Structures are given as structure tokens and as C-alpha cells.
Amino acid sequence: MKKSLTLYLLIIALLMNVFTYKYFSTKYSGELNDAKVENAKLKDSLNLMTIPSGDKFELKNNDRAQNYLYESKITDVTAFEEKVKQALLSYNDNPEGNKFTDQEKLGNQKFIINSVKVLNHRWIIADYSDGKLWGEVMLKYFINDDQTISFEVMNSYLYPMQLN
């Protein structure tokens, strides 16, 4: 009788271990699947979030600056922005370089403005170079009564030459 009782207890213990193993392994895989689904949802929600970018600092996305321009009888913002860029880039033709880089000519090459970004109805940021040195400049611009555009340097920075 002692042998059969031991055998029954051994079988019951074995069955309990098998069922316990099966229960916890399915529970773990279910939690793992739930975590994967939750992770995918979080990644999707991160992709949907609007991350602030430099787009806010563009004339075409700035309602207040556009309202200011409309009050000045300027209705086509894109054409106006291009007019401002071209007016600034026209100073690149000067033999001494663009005076709005706030840099004197160093050596043979003159400083010219390469790219321009109109931030709002009053400010521009531009980068300039002479082929070896690079810099950035912050400008104010004004619309004159005769619809010409005048510029004023707010601040300029010339990056130091990098030795390779």
C-alpha cells in the first residue's frame, strides 16, 4: 500500500508540475505578445506626434507676420519672400563681396551669401562663405515706401578655419 500511495503522489506531483509549467509558459508568452502590441502602439503614437521643427520660423507659416504684410498691401507672400531673397543676393555681384555679410574681403575671394531664409516680416538668416571660411548672419529688413527693400545687419558670426 505504501508503494501505491507513493506512486499516486508521484503521478499527482508530476501532473501538477506539467500543468503549472504549461500555465506559466502560456502566461509568459501572452504577456510577451501584449508587450509587443503595446510597443507597436507606442511607436505608432510617436510617429503621429507632431515634433516641433523649424517650419514655425518661416514666413509662410507665420500668421502674424503675414497679417503685417497684408496690412502693407502685400498679398502674395511667396512672391514677396522671393523678392526679398533676390534683393539680398543681388549684393553678391559687388567686387568687394556682399556688404551684408559684415565681413571684409580676405585674400582673393569675396564673401557672398549662399542661402537665405526669411523668418518673418522683419528678420532673415543667411549663410555666407568665401570658399574657405563660412559664417552666418542675422539681418533685419525693411520695406520702404517705394516698395524697395533695405537691410541692416543685426549680428554676424564667422566660423574659425578648421585644420584637417
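1. In this predicted model, the side chains of Lys117 and Glu58 come together in a salt bridge, with a distance of 3.8 Å from N to O. This pair joins distant parts of the chain, since Lys117 belongs to strand E1 (residues 112–118) while Glu58 sits in the loop between helix H1 (2–48) and helix H2 (63–71), and the two residues are 59 residues apart.

2. Glu58 also takes part in a salt bridge with Lys60, whose side chain meets that of Glu58 at 3.8 Å, again given from N to O.

3. Glu58 has a relative accessible area of 17% and is buried, because the term applies under 20%. Lys117, with a relative accessible area of 30%, is partly exposed, whereas Lys60, at 54% relative accessibility, counts as exposed, because that term applies over 50%.

4. A further residue to look at in the structure is Asn62, which is found in the loop between H1 and H2. A polar atom of the Asn62 side chain lies 3.2 Å from the backbone nitrogen of Ala65. When residues up to four places away in sequence are not counted, Asn62 touches Leu119 and Asn120.

Key. Residues numbered from 1 in each chain as written. Predicted model: local features only at pLDDT ≥ 70, side-chain atom pairs only at ≥ 80, totals over all residues. Heavy atoms only, no water. Salt bridge = Lys/Arg side-chain N within 4 Å of Asp/Glu carboxyl O. Buried < 20%, exposed > 50% of the residue type's maximum accessible area, 1.4 Å probe, protein only. Helix = DSSP H or I, 4+ residues; strand = E, 2+ residues; numbered from the N terminus. Polar contact = N/O pair within 3.5 Å; in protein donor to acceptor, adjacent residues only side chain to side chain. Contact = heavy atoms within 4.5 Å.
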